[in-house]
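Biologist: I have not seen this structure before. Could you take me through it?

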Amino acid sequence: METQGKVITCRAAVAWVAGEALVMEDVKVDPPQRLEVRLRILFTSICHTDLSAWKGENEAQQAYPRILGHEAAGIVESVGEGVEDMKAGDHVLPIFTGECGDCRVCKRDGANLCERFRVDPMKKVMVGDGKTRFFTSKDNKPIYHFLNTSTFSEYTVVDSACVVKVDPRFPLEKMSLLSCGVSTGVGAAWNVADIQPGSTVAIFGLGAVGLAVAEGARAKGASKIIGIDVNPNKFPLGREAGISEFINPKESDKTVHERVMEITEGGVEYSFECAGRIEALREAFLSTNSGVGVTVLLGVHASPQLLPIHPMELFQGRSITASVFGGFKPKTQLPLLFTQCLQGQLNLDLFISHQLPFSDINEAMQLLHQGKALRCLLRL
């Protein structure tokens, strides 16, 4: 391509101040350096992690100006020195947590937080040289990166360890969902909890991640899936995802875990906290069966509060763990998930509630913030 090796000027949605509207403006994007890839982003969407960073809920994420975004799909524009597993024109997903393939974590089964390229909310520059690849077009001032990806831009530069190739037969607009939310939920059910056929499941929070957990649980043959959310408007989509029972905490005099105990006659085998609330985590833990219960933490918790669990409660046969990106190793395990989606094992159409042009990104942010959207797919 004629842009290879050159600085590209393109449109990006830049966060200048926490909580204020993103500013659509021209930015400069440098060429990729060694072991980096420059991508042309075709589709991106907004995750609650983007929303949290936009609102400035986590001080570690407050580096401005910054280009947010991490759930996306696109095409390789050019590659830097040493990149051998992809080339210009390849269809790809940028992934917020990478896989170098060489560290002790990458070489270990069941672990996916690469020592060098794992997700890091505090990281704002590239790994290779500690510099940014984004600059303002007017005065050439640096614009910082976000979660290894920065996809709210027509072009972005990503470490090659954080890029996964996609078979060109697969529709990129749907595959983009697998770069974060859907993979996180499905993987939590498949890889982390390892849901067994005939088991019972409770899901706290029915956003995109929670519904992805339900899709994963249904695919694994769960006999009963219970969905918990304060917004009953989410229940119809929950039914499509395989949820058979619903609990609205606002409509019951009993606690949620008491209702779950009644429905399941003793508690579920697996519970998933996808709401990012300490109270929900406590209820999720208590909703599991005493003896075999497993609670998986998925929600992003901006609060400084600690786990609401007494150590002695863990001696009752219940356990708790957390999951990042559903336990998937992105480069080695996502291609199989792509194929499973193409075969119809998961319904990706369920998750796209809105489709908007990139210029309407602030409207998309508000829709998610107000709980009126599951995923807004933005076309660049």
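Modeller: Let me begin with a term: contact means heavy atoms within 4.5 Å. Helices (H or I, at least four residues) and strands (E, at least two) are DSSP runs, numbered from the N terminus. This is a predicted model, in which local features need pLDDT of at least 70 and side-chain atom pairs count only at pLDDT 80 or more, while totals for chains, interfaces and linings use all residues. Residues are numbered from 1 along each chain as its sequence is written, and side-chain values use heavy atoms, with hydrogens and water left out.

Biologist: How many of the 12 residues of helix 3 are buried?

Modeller: Buried means under 20% relative accessible area, exposed over 50%, and partly exposed in between (1.4 Å probe, protein chains only). By that rule 10 of the 12 residues of helix 3 (residues 181-192) are buried, so helix 3 is largely enclosed by the rest of the structure. Among them are Gly 181, Val 182, Ala 188 and Trp 190.

Biologist: And what do the buried residues of helix 3 pack against?

Modeller: Their partners are strand 4 (71-79), helix 4 (208-219), strand 13 (270-273), strand 14 (294-297) and helix 8 (330-342). Just after helix 3, Asp 194 has a positive phi of about 55°.

Biologist: Is Cys 180 buried or exposed?

Modeller: Cys 180 counts as buried, at 6% relative accessibility. Cys 100, with a relative accessible area of 27%, is partly exposed.

Biologist: Now to helix 1 and helix 9: at what angle do their axes cross?

Modeller: The axes are lines fitted to C-alpha atoms, for helices over the stretch in contact, and angles run from 0 to 180 degrees between N-to-C directions. Helix 1 (residues 48-55) and helix 9 (residues 361-369) have axes that come within 10 Å and cross at roughly 105°. Helix 1 is therefore roughly perpendicular to helix 9; angles under 35 degrees count as roughly parallel, over 145 as roughly antiparallel, 65 to 115 as roughly perpendicular and the rest as oblique.

Biologist: Which residues make the contact?

Modeller: Helix 1 contributes His 48, Asp 50, Leu 51, Trp 54 and Lys 55, and helix 9 contributes Met 365, Gln 366, Leu 368 and His 369.

Biologist: What does Ser 45 touch?

Modeller: Leaving out residues up to four places away in sequence, Ser 45 touches Asp 50, Glu 71, Phe 152, Arg 375, Cys 376 and Leu 377. Ser 45 is in strand 3 (residues 36-45) and is buried, with a relative accessible area of 1%.
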